[in-house]
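User: I would like to learn how to read the features of a model like this one. Please take them one at a time, general idea before particular case.

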Amino acid sequence: MSAALDVQGLTTRFETRGGIVTAVNDVSFSVEPGRIMGLVGESGSGKSVTGFSVLGLIDEPGRVTDGKVMVEGTDLRNLSPERLRSMRGRKVSMVFQDPMMTLNPVLRIGDQMAMAVRVHEPMSKTKALERAREALATVGIPSPEERLAAYPHQLSGGMRQRVAIATALLHKPAVIIADEPTTALDVSIQGQILAEVRRLADETDTAIVWITHDLAVVSSLADDICVMYAGKIVERGTAEEVIGQPRHPYTRGLLDSVPGQHAPGTHLPQIPGSTPQLSQLPSGCPFRNRCSRATQVCKTVPPLARFGDHTALCHHPLETT
Ligand SMILES: Nc1ncnc2c1ncn2[C@@H]1O[C@H](COP(=O)(O)OP(=O)(O)OP(=O)(O)O)[C@@H](O)[C@H]1O
């Protein structure tokens, strides 16, 4: 099957006071229709910048300096600003942590969704409202008809996020990039939304990139996982492989620090140290200063260790767990 989204060698740099930093460093991944790819890592690892780079939404002082972003065979990086705008929202949409990044507080849900439909497809308002109602129903919103007449502030946080997801779905995009959309919601609402998103990917064939720092979320939702550290994808594989048999010591550390898997009262292990400043990365493996398996060789660039399609960028990948 050909990929809905195929990202190759994506590199994004920021000019900062401390010099040029590479926030996304030669990142490649692809997502097939109907699959969910979890992009995981600690804060500052480059997940959001990857999402924004895919959509061509990086502003000064940042710049995408390299790479291809193919959506259904079209390289978004080669498009004029106009054509890129037309692809955005139509072929590839983004859902943010804060739904109010998408929603306009002073417009009724129906009016703003109908506007979003008609930006890309000329049609009557009645038809556009019908499309909006269908999209609300798709994400499991009860009484969608009534919600069309509501203003965003009249909805709960979970409902607002569902409306934002429904808005992203209006044009049946090939790809949705979702950046921590459930992080601010309570756990039961988060669970419901994740179940709807899973169903949505299965039923609509939309390819979804789900950005999160929470491995527990991706382990229940994603088909495939890419683990990011200091701007690089350091491990990738199916969710089953990465969660069941992590190969990179960083992924092992992330998994060990997921709450709920240790005996009550025991201390939750944490990865020692903190995410390094991108302007002060050590030579070789960027994780080596925090890694219990590090040796002298880790001062050199790590090779890609392969376990079938499951890969880890590491000199000393875990053989068994
Ligand atoms: N506007 C900016 N100016 C300078 N550097 C930036 C800017 N935005 C991002 N960066 C750099 O890119 C790095 C990665 O940021 P990014 O937001 O992608 O991390 P993240 O993994 O999504 O973390 P979080 O979960 O906290 O959003 C930052 O640590 C920072 O060094």
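Analyst: Start with the sheet. Strands of a sheet pair through backbone hydrogen bonds, either parallel or antiparallel. Here an open sheet of four strands has the order 2-1-4-5, and its pairing is antiparallel. Strand 2 and strand 5 (74–75) are at the edges with a single partner strand each, so one side of each has no neighbour in the sheet. Strands (E, at least two residues) and helices (H or I, at least four) are DSSP runs numbered from the N terminus, and two strands pair if DSSP finds at least two bridges between them. This is a predicted model, in which local features need pLDDT of at least 70, side-chain atom pairs count only at pLDDT 80 or more, and totals for chains, interfaces and linings use all residues. Residues are numbered from 1 along each chain as its sequence is written.

User: How many bridges join strand 4 to strand 5, and which residue is the bridge partner of M70?

Analyst: Strand 4 (residues 62–71) and strand 5 are antiparallel and share two bridges. M70 has D75 of strand 5 as its bridge partner. The two strands form a hairpin with two residues between them, and E72 in the turn has a positive phi of about 45°. On the pairing of strand 1 with strand 4, eight bridges hold in the antiparallel sense; F14 is partnered there by G62 in strand 4.

User: Which strands does strand 12 join?

Analyst: Strand 12 (residues 310–313) runs antiparallel to strand 10 (residues 232–238), with two bridges, and R236 has T311 as its bridge partner. Four bridges join strand 12 to strand 11 (residues 304–307), again antiparallel, and L304 stands opposite L313. The hairpin of strand 11 and strand 12 has two residues between the strands, and G308 takes a positive phi near 70°.

User: Which residues touch the most other members of the largest nonpolar core?

Analyst: In soluble globular proteins, nonpolar side chains tend to be buried together. A nonpolar core is a set of buried Ala, Val, Leu, Ile, Met, Phe, Trp, Tyr and Cys residues joined through C-beta atoms within 7 Å. A residue is buried if 20 or more other C-beta atoms lie within 10 Å of its own, exposed if 12 or fewer, and partly exposed in between, with C-beta atoms placed from the backbone. The largest core has 84 residues, of which A132, V175, I208, V209, W210 and V227 touch the most other members. Helix 6 (residues 157–169) supplies the largest share, seven residues. Leaving out residues up to four places away in sequence, I208 touches I36, I176, A178, V197 and A201; contact means C-beta atoms, placed from the backbone, within 7 Å.

User: Which residues come nearest to the ligand?

Analyst: A residue is near a molecule if its C-beta atom, placed from the backbone, lies within 6 Å of it. Of the 16 residues around the ligand, A23, S43, G44, S48 and V49 come nearest. Helix 1 gives the most to this shell, with three residues. The shell divides into six nonpolar residues, nine polar and one charged, where Ala, Val, Leu, Ile, Met, Phe, Trp, Tyr, Cys and Pro count as nonpolar, Asp, Glu, Lys and Arg as charged, and the others, Gly among them, as polar.

How values were computed: Contact = placed C-beta atoms within 7 Å.
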